Amino acid sequence: MSTPQPLASLPQSGALAIEHLTISYLRRDRALPVLTDVSFHIEPGEAYGLVGESGCGKTTVAMAVMCYLPANARIEAGRIRLQEVDLTTAGEAQLRSLRGNRMAMVYQDAGSALNPSLTIGRQIAEVYRFHGGLDAAAATDAAAAMLETVQIADPARMLRRYPHELSGGQQQRVMFAMALATNPDLLVLDEPTTGLDTTVEAEVLDLVARLRSKFSASILFISHNLGIVARMCERVGVLYAGRLIEEGPSREIFSDPRHPYTLGLTRCVPNRIMRKDANRLDPIPGSLPPLGLAVQGCVYAPRCPIARARCREEDPPAFISGPRRVSRCFYHDEVPSIPQSAEALPSSPANGASEGDLLRVERLSKRYGAGANQVVALDDVSIELEAGEVLGLVGESGSGKSTLAKCVVGLLDASGGEIDFAGRKLARLADWREPQLRRKLQMVFQNPDTTLNPSHTARRILTRAARLLSAGGSAVDRERRVTSLAAAVQLRPHHLDLKPSFLSGGLKQRVAIARAFAGSPALVLCDEPTSALDVSVQATILNLLVDLQTKQRVAYLFISHDLGVVRYLADRIAVMYLGQIIEIGPAQEVFSPPHHPYTEALLSAMPAIDESQGPRIKLSGTMPNPANPPSGCRFHTRCPRFLGDICRERNPPWQEDREGHRYRCHIAPADLGPAQREATSSPAGDNNRPRAETSP
Amino acid sequence: MPAPLPAERPGEILDAGLKSASELSGLASGRAREVLRALWRSKTFVIGAAIVLFWVLDAIFWPLFVPYDPEGLVSPATLQPPSAEHLFGTDDLGRDIFSRTLAGARPTLTVAPLATAIGVAGGILVGLFTGFYRGLADDIAMRVVDALLAFPLIIIAVLVISILGPSITNVILVIGIVFTPIVARTVRSAVLVERQREYVAAARLLGNSDLYIMFVEILPNITGPIAVEITIRLGYAIFTSATLSFLALGIQQPSPDWGLTISIGRVFLQTAPSEVLFPAAALATLIVGVNLIADGLRQVLEE
Amino acid sequence: MSRFLAKRLVLAFVTLFCVSIILFLVAQVMPGDVGRAILGPYATEVQVRALDHQLGVDRPLLERYSTWLGGFMRGDWGNSFLLHRPVAAIAFDRLYNSLILGGFALLLIVPTSIGFGVLAALNYGKWPDRVISVAGLSLIALPEFVTGIMVLVIFAVELGWLPASSHVPSVNPLDWFRQLLLPSIPLMFVLFGYISRMARTGTIESLRSNYVRTAILKGLPRRTVIWQHVLRNSLLPTITVISVQTGYLVGGLVVTETLFNYPGIGKLVLDSAVQHDLPVLQATVLLVAVLYMALTLLADVLYTLLNPRVRLAA
């Protein structure tokens with residue numbers, strides 16, 4: 001074992017240095033520590049990533065650096081140095097000259113970060129006027145030039161626009177333009193792409209990468225997404241419960257973690273080769289300690305697979321665990337040999353063919369509004385689903401995934417088409433359907449905070465579901481049913497008597513799943529059931545869904561924007577774009593060429609930690625306005641394999657690749673397959689035709 | 001659609017933002033104890049509650065405390081300034097102002113809560129149904145609500161009472177009916193927020209009836225905005241009924257009602273201000289008390 | 001934008017239609033016997049019948065309603081029973097006087113209350129905020145007749161600085177203050193409470209917004225942050241409150257005009273109600289409702305013009 005070595009003894013030069021930072025929030029009369037003894041530094045021009053799950057203190061670090069902590073925060077100890085300036089003691093005037101000038105920040109949700117009643121031009125020009133001393137005209141010119149730098153087409157026109165007229169990606173570009181206007185020494189990025197669609201996220205990340213060659217700023221990159229941080233940063237620090245528990249070069253830290261928590265994080269996300277029938281996800285047991293809990297010993301010990309008595313008594317110091325690497329674990333040497341805790345699944349859900357389709361959706365359409373403003377949310381959608389099968393539904397926001405699910409389940413009134421379920425034609429709305437069909441068709445929703453009625457206890461929610469879904473029975477039967485449901489989703493009995501506000505996100509989702517399963521459903525629609533959860537919690541929920549599926553032979557229509565999750569879980573996958581299904585087929589087929597150019601772009605935009613990034617297929621422009629979809633192929637305005645007039649004018653035909661795999665495109669599988677295989681092996685950028693940004 | 005991450009901004013977790021009443025919905029009754037504790041800590045609420053409690057107790061038990069019959073002509077000396085015998089002096093007819101001020105709480109605290117109860121009950125019903133069903137009925141109901149709101153409360157009260165004749169019942173009815181659309185609006189906007197939540201969709205998929213969803217699923221989650229609305233309405237009701245008494249359109253002589261007493265006493269203001277001042281002060285403290293409760297409640301529920 | 005406004009305008013007319021129906025029902029149908037309601041219990045049956053016929057209330061409801069509404073729209077509002085003059089002439093005369101009084105009060109109190117509201121928000125939780133909030137809350141609580149009597153006693157009776165009974169002022173600005181200050185104080189007290197409270201809430205919300213955080217983190221001076229970024233957004237909701245409260249003001253006028261014997265529309269409403277002058281009462285109340293609708297519409301237009309998000313919506 002190496003000798004303990006305090007972090008502070010590492011070279012502490014650099015653009016930004018944080019030394020022994022400890023911050024508490026005052027709540028009522030108590031001081032709750034959120035950051036404990038955090039130290040790291042960033043070299044000039046270096047990109048440093050900070051990862052961790054929600055509540056670990058990432059954002060507090062960012063806000064402390066910008067000196068913009070909430071009023072009830074108190075810096076208990078430590079220093080933050082931006083080159084020679086100690087930010088913890090800087091006065092208001094000094095901060096004003098530093099902020100937006102030598103340090104700048106970009107954060108999540110650019111839509112709310114821009115002032116809704118000022119034009120873009122004015123908001124960017126402000127920075128030049130106050131920090132560059134330019135007059136109004138010169139500042140506007142500089143703003144236009146900066147918009148060009150962040151690759152916004154037609155800057156002169158854009159300057160006169162208001163934030164709400166821009167797409168999410170454009171708004172974030174404007175934020176970058178504002179932040180980089182003064183060529184700052186430090187750029188703090190706090191989840192800059194969270195909430196954006198995958199392809200837009202990829203574009204913004206590309207932009208950041210390109211801007212790094214132009215600007216010399218050091219970057220503090222904060223994200224919950226390990227893949228993004230691995231791709232964007234040279235070095236990474238992992239935060240857990242306010243402590244920096246591991247630090248090192250980003251390639252090594254995720255491929256060869258030296259702290260059990262980092263290892264846990266890398267193992268609970270499904271990787272490229274994992275499949276539900278072969279591998280179980282490896283969740284981190286337990287949950288994050290609540291804010292301000294006094295912990296003796298290592299803060300991770302209660303959840304750690306290799307914790308010993310010493311871990312519960314002594315707080316581990318920072319150990320040098322390798323070249324440029326630090327781990328706060330007594331037994332960091334043993335981390336690589338920690339075995340996978342989860343066993344592989346014994347049985348695989350048999351593809352019991354010839355059972356016939358459980359669900360058949362034919363030519364379903366859904367239109368909102370009328371006349372010129374009519375929005376076609378679903379256009380001629382047909383899918384079928386066998387009993388016990390998982391159909392993954394992917395696509396970006398506005399593609400119509402959720403609309404499809406809601407029409408199937410009867411929460412929305414479809415405008416046309418038919419839905420057959422278990423051999424019967426379904427009425428359009430749930431209220432009109434027969435109870436025995438309704439109970440076989442249930443849904444799990446996205447948001448754990450609103451999916452349960454906040455005024456009812458979990459028991460009451462499940463009892464009501466049991467009463468309505470499992471037809472009759474005495475009170476005793478119902479009670480037994482609730483107990484068995486709770487056991488099936490691994491809820492403890494004491495959870496049942498709590499109201500949702502006392503349950504964590506993962507527990508709430510379990511109650512919601514139990515509710516959907518109360519009537520032994522044949523098909524459950526899962527609308528992004530894990531997207532609001534942290535990765536370690538996501539793993540337990542996905543495992544649970546797989547278990548239930550194997551045991552109860554239930555089919556899922558699983559909606560997700562996370563292709564990794566869909567690849568892990570789905571037997572077949574359907575890809576949607578602007579209200580249409582553009583590709584459908586067995587999961588493996590959809591994930592390998594030939595596939596629709598849009599699917600190709602989606603796949604290449606996936607950030608991953610376990611492989612070197614291939615070349616990226618970049619999509620130009622933004623999602624067209626659904627009220628006015630493009631003519632011909634709907635994807636032609638953004639397609640990287642755009643052929644010409646045929647795409648613009650003619651509706652693409654379905655191309656049948658292999659049995660059960662088809663996509664909608666003018667390019668035949670025989671041509672598309674080789675081209676796409678070549679693209680993945682050739683260097684980046686070849687297949688990328690630059691195209692002007694088009695706004696909706 | 002990728003969901004935005006749960007807010008990690010510590011400020012958002014630890015100190016509450018200001019929200020409008022309609023955003024207060026989602027108040028879990030599981031928080032009831034927490035809310036009560038927070039109310040107890042809120043200085044605004046406690047002071048307001050103490051003031052209101054004082055007047056409520058007074059309205060019930062005044063016969064035990066008053067030294068004289070509030071409606072009796074107890075002194076031959078009229079318009080007397082405060083003295084040991086008559087703490088607040090006597091009025092133009094020789095009645096004891098101290099006794100009348102204490103007794104005056106009862107008519108006010110009868111009219112205002114009853115009117116509020118009518119308005120809140122009606123408002124909850126209309127708001128729940130229109131917000132839940134939307135559609136044409138909602139559009140029509142909202143137009144009627146807008147129309148009713150286009151008349152200032154006092155004006156419509158003056159109009160109706162001049163036609164039906166002044167009486168306590170009419171005052172209660174008019175205020176209650178005018179409050180109905182106002183409360184309905186608040187309830188409706190809270191329902192509109194709630195019905196978008198996923199638990200309502202889930203309830204529907206289970207096959208619950210509309211009435212069950214409205215009254216058992218949604219209603220308990222909008223008690224916050226309703227509670228705030230009740231206190232605000234109560235303040236207005238006191239204000240309005242006093243004004244109507246003052247305009248001689250409400251409670252009639254010889255009741256010791258504060259508004260009425262002030263209206264009579266204003267003639268003698270120069271010579272004997274106590275006939276106006278004491279009831280006015282009583283009225284003001286009561287309304288301030290109710291408003292303090294409303295304010296404290298709103299602050300606590302926003303957290 | 002024009003479509004949004006057109007929609008608003010149509011809605012306003014539909015609402016006005018409802019207003020007229022409600023008013024008609026209240027004034028003409030609720031009393032049952034209109035003639036009896038006007039003449040009181042001591043009139044003879046013959047007199048009542050004669051009046052009913054003269055008023056046309058013995059005709060079918062629908063006909064009465066259309067006659068009344070048609071007359072109102074043509075400007076033929078009938079004659080006052082008591083003053084024996086055309087109602088329209090009286091009502092507009094009084095409305096003009098009230099607009100002077102109400103306008104005076106608004107002109108003084110709107111900037112003041114916005115200023116104090118913003119001041120309170122900028123000092124959130126500190127003593128200026130506490131003082132302004134508590135003051136606002138107490139002022140809302142005082143009915144106009146209470147404050148009105150207080151100022152009457154102090155400034156007119158005790159000090160004798162201002163007249164106890166107000167007239168419509170001449171063009172002399174000094175006379176404006178002399179005649180209008182006292183009757184407008186009760187109105188201003190209540191308005192102050194509502195407007196300053198809304199300005200405070202809006203400003204606090206804006207101060208906590210992400211875009212203000214952006215502005216601060218851009219290193220902008222505090223003045224720029226407040227004037228350019230905070231107030232531009234925070235005062236928008238205040239516009240709506242001002243319009244609603246202006247409508248409310250008319251209710252307050254009933255009390256304050258009576259108290260100060262000022263010949264405005266509020267006093268006209270009360271007098272005609274007490275004296276059962278039904279044509280006057282009905283017309284003035286409708287006029288007040290029209291005025292209120294116009295104000296709300298105006299506020300909507302203003303809000304739209306100042307808010308790019310609505311202005312530019314397709």
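Which residue forms a salt bridge with Asp138(B)? I put this to the model, a predicted one, and found that the partner is Arg188(B), with the closest N and O atoms 2.8 Å apart.

**Entry 1, the pair in chain B.** I placed Asp138(B) in helix 6 (residues 135-149) of chain B and Arg188(B) in helix 8 (residues 168-195) of chain B, so that the pair links distant parts of the chain, 50 residues apart.

Glu84(A) forms one with Arg102(A), where the closest N and O atoms are 3.7 Å apart. Glu84(A) sits in the loop between strand 4 (73-82) and strand 5 (85-86) of chain A, whereas Arg102(A) sits in the loop between helix 2 (92-98) and strand 6 of chain A, and 18 residues separate them. I noted Glu84(A) as exposed, with a relative accessible area of 58%, and Arg102(A) as partly exposed, with 22%.

I next took Glu234(A), which forms a salt bridge with Arg212(A) at 3.0 Å between the closest N and O atoms. Glu234(A) belongs to the loop between helix 9 (226-232) and strand 9 (235-240) of chain A and Arg212(A) to helix 8 (residues 198-214) of chain A, so this pair ties together parts that are 22 residues apart in sequence. Glu234(A) is partly exposed at 36% relative accessibility, and Arg212(A) is partly exposed at 23%. I also recorded a network of salt bridges that links Glu46(A), Arg235(A), Glu247(A) and Arg324(A).

I found Leu16(A) in strand 1 (residues 16-27) of chain A, and it is buried, with a relative accessible area of 0%. Leaving aside neighbours within four places in sequence, its contacts include Phe40(A), Ile42(A), Val65(A), Ile80(A), Leu82(A) and Leu186(A). The C-alpha atom of Leu16(A) is 9.2 Å from that of Glu84(A), although the two are 68 residues apart along the chain.

I have chain A divided into domain 1 (7-93 + 220-336), domain 2 (356-389 + 411-521 + 537-551) and domain 3 (592-680). The C-alpha centres of domain 1 and domain 2 of chain A lie 38 Å apart, and six residues of domain 1 are in contact with eight residues of domain 2. Between them these two domains bury about 660 Å², 55% of it on carbon and sulfur atoms. On the domain 1 side, Lys276(A), Arg280(A) and Leu281(A) lose the most area to domain 2, together 64% of what that side buries. I count one salt bridge between the two domains, and I note that the side chains of Arg280(A) and Asp547(A) meet in a salt bridge at 2.8 Å, N to O.

Technical notes. Residues are numbered from 1 along each chain as its sequence is written. Chains are lettered from A and ligands numbered from 1 in the order in which they are written. This is a predicted model: local features need pLDDT of at least 70, side-chain atom pairs count only at pLDDT 80 or more; totals for chains, interfaces and linings use all residues. Side-chain values use heavy atoms; hydrogens and water are left out. Domain bounds come from an automatic or database domain assignment. Contact means heavy atoms within 4.5 Å. Buried area is the accessible area (1.4 Å probe) that two parts lose on being put together, summed over both. A salt bridge is a side-chain nitrogen of Lys or Arg within 4 Å of a carboxyl oxygen of Asp or Glu. Helices (H or I, at least four residues) and strands (E, at least two) are DSSP runs, numbered from the N terminus. Buried means under 20% relative accessible area, exposed over 50%, partly exposed in between (1.4 Å probe, protein chains only).
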